[in-house]
Amino acid sequence: MNKVIEKLKQIGVIPLAVFKDEKQAVPVANALSKARIDTLEVTLRTEKGVKAIEEIKKNCPGFLAGAGTVKTVQQAKEVKEAGADYIVTPAYDEIIANWCKENDMPLLPGVTTPYEIQKAVGNGFTTLKFFPAENYGGAKTIKAFAGPFPEVSFMPTGGINTENMGNYLANSNVSMVGGGWICSQALLEKADYEGITNKAKEALQKFLGYEV
Ligand code: 3PG
């Protein structure tokens, strides 16, 4: 397995952030590191995303910066240039997937249906993002995927939080969980980095099953 994906699985909880100001990226990464979560998926839903990845890679050694909501090869190229360690796509896109393979870029492709899963597995991807998890049947749906796709492990995202993540973790084919509840817009707007550390700690404790 790719080393970056392996590290993400060890971390277990993958926070996601939508930055309106790239200057928040480093304080957020530091806030997460304090809770021993050394990764963040920075989405490209704002134009600050690429710059935010660049800031993290310049200032936070060892921290894994992911790029999320990547929907084109052009964006994939831009985030690679910015130093991104991995890419997350909302859906399975064969063109982006092939580009990632050719460019040694770890990819967590998004899937919701057996059709997409089969496509992704056929192209060699076995760690997949299940999105939007709560809308598409949640933990029950992931459990059903274990029959036909025993080789796949999932990172559910979409409506996950510290309260409901246990439902997902009960499935042996869930290796990590992701989402925006740790670096929420409310906390970002208040620049409440301590609040982010606390939420991150709470989530990690739930994932690990013991206090950190
Ligand atoms: C994603 O792209 O993974 C989702 O937007 C995360 O969903 P959430 O914001 O409900 O956690």
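**Close-up 1. Pairing of strand β1 with strand β8.** Isoleucine 14 has glycine 178 as its bridge partner in β8. The two strands, β1 and β8 (residues 177-179), run parallel and are joined by three bridges; strands are taken to pair if DSSP finds at least two bridges between them. Helices (H or I, at least four residues) and strands (E, at least two) are DSSP runs, numbered from the N terminus. The model is predicted: local features need pLDDT of at least 70, side-chain atom pairs count only at pLDDT 80 or more, and totals for chains, interfaces and linings use all residues. Residues are numbered from 1 along each chain as its sequence is written.

**Close-up 2. Pairing of strand β1 with strand β2.** Strand β2 (residues 39-43) pairs with β1 in the parallel sense over two bridges. Opposite leucine 16 stands glutamate 41 of β2. From β1 the chain crosses through helix α2 (residues 25-34) to β2, a β-α-β crossover that is right-handed; that is, with the strands pointing away from the viewer, the path from the first strand over the helix to the second runs clockwise.

**Close-up 3. Burial of strand β1.** Five of the five residues of β1 (residues 13-17) are buried, a residue being buried if 20 or more other C-beta atoms lie within 10 Å of its own, exposed if 12 or fewer, and partly exposed in between, with C-beta atoms placed from the backbone. Val13, Pro15 and Ala17 cover one side, while Ile14 and Leu16 lie on the other.

**Close-up 4. Surroundings of the ligand.** The residues around the ligand include Leu16, Phe131, Gly178 and Trp181; a residue is near a molecule if its C-beta atom, placed from the backbone, lies within 6 Å of it. The shell contains four nonpolar, seven polar and no charged residues. In this classification, Ala, Val, Leu, Ile, Met, Phe, Trp, Tyr, Cys and Pro count as nonpolar, Asp, Glu, Lys and Arg as charged, and the others, Gly among them, as polar.

**Close-up 5. Cis peptide bond in a loop.** Phenylalanine 131 and proline 132 are joined by a cis peptide bond with omega of about -10°. Proline 132 is placed in the loop between β6 (127-130) and α7 (138-145).

**Close-up 6. Positive phi values in two loops.** Arginine 36, a residue other than glycine, has a positive phi near 65° and lies in the loop between α2 and β2. Arginine 36 counts as partly exposed because it has 14 C-beta neighbours inside 10 Å. Threonine 69, also not a glycine, has a positive phi of about 55° and is found in the loop between β3 (64-68) and α4 (73-82). With 19 other C-beta atoms within 10 Å, threonine 69 is partly exposed.
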